[in-house]
Amino acid sequence: MSGATSAPRPEPESGGGERSIGEIFSSITTEMSTLVRQEIALAKTELRQDAKNAGKGAGMLAGAGVAGHLFLISLTALAILALGDLIGHAWAALVVTVVWGVVAAVLAKSGQKEMKKVPPPMERTTVTLKEDAQWAKHPTS
């Protein structure tokens, strides 16, 4: 285990005799308990660090999404102004709006198809739990 300190091991009694089974069992239980606590503490520390990094990344992605949205708004305004000189600003706005509507419809349809490919949550776990329940009802079959 990296980074964790181990508990000091109890020394055998200095009376020259061997430790009893009870003492050995107690020692093993204590060491296992210490090991489990240390592993849990390490897991908590790692989870906190991972959550912190994920939070930073999510914040940056959200900022990129906002910047990208503003870029598309500016690009839309530019397209309307550029087309407006040729066909009139109202018609240009209508054309650009229809183009964005088509893009949105295509993306929505594609997203819908992709979402249908996603299995229900924990599909395999549900199946195995049902199998376990069947076996528990009829363990000999």
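## How the helices cross

Helix 1 passes helix 2 in a right-handed crossing. This is a predicted model. The two axes come within 7 Å and cross at roughly 135°. Helix 1 and helix 2 are therefore oblique to each other. The cut-off matters here: only angles over 145 degrees count as roughly antiparallel.

## The contact between them

Helix 1 contributes L72, T76, A79, I80, L81, L83, G84, D85 and I87 to the contact.

Which residues of helix 1 are buried? They are S27, T34, Q38, T76 and G84. The buried residues of helix 1 pack against helix 2, which covers residues 89-116.

## Helix 1 and its end

Helix 1 runs over residues 21-87, 67 residues in total. At 1.5 Å a residue it should span 99 Å. Its end C-alpha atoms are 95 Å apart, which agrees.

What follows just after helix 1? G88 sits there, with a positive phi of about 100°. Helix 2 then covers 89-116.

## The salt bridge

How many salt bridges does a search of the whole structure find? It finds one. The side chains of K117 and E114 meet in it, at 3.1 Å from N to O.

Are the two partners buried or exposed? K117 has 59% relative accessibility, so it counts as exposed. E114 has 46%, so it counts as partly exposed. The line between the two classes is 50%.

Note on methods:
Residues numbered from 1 in each chain as written. Predicted model: local features only at pLDDT ≥ 70, side-chain atom pairs only at ≥ 80, totals over all residues. Heavy atoms only, no water. Helix = DSSP H or I, 4+ residues; strand = E, 2+ residues; numbered from the N terminus. Expected span 1.5 Å × (residues − 1). Buried < 20%, exposed > 50% of the residue type's maximum accessible area, 1.4 Å probe, protein only. Contact = heavy atoms within 4.5 Å. Salt bridge = Lys/Arg side-chain N within 4 Å of Asp/Glu carboxyl O. Axes fitted to C-alpha atoms, helices over the stretch in contact; angles between N-to-C directions. Parallel < 35°, antiparallel > 145°, perpendicular 65-115°, else oblique. Left-handed = near helix turned anticlockwise from the far one by under 90°.
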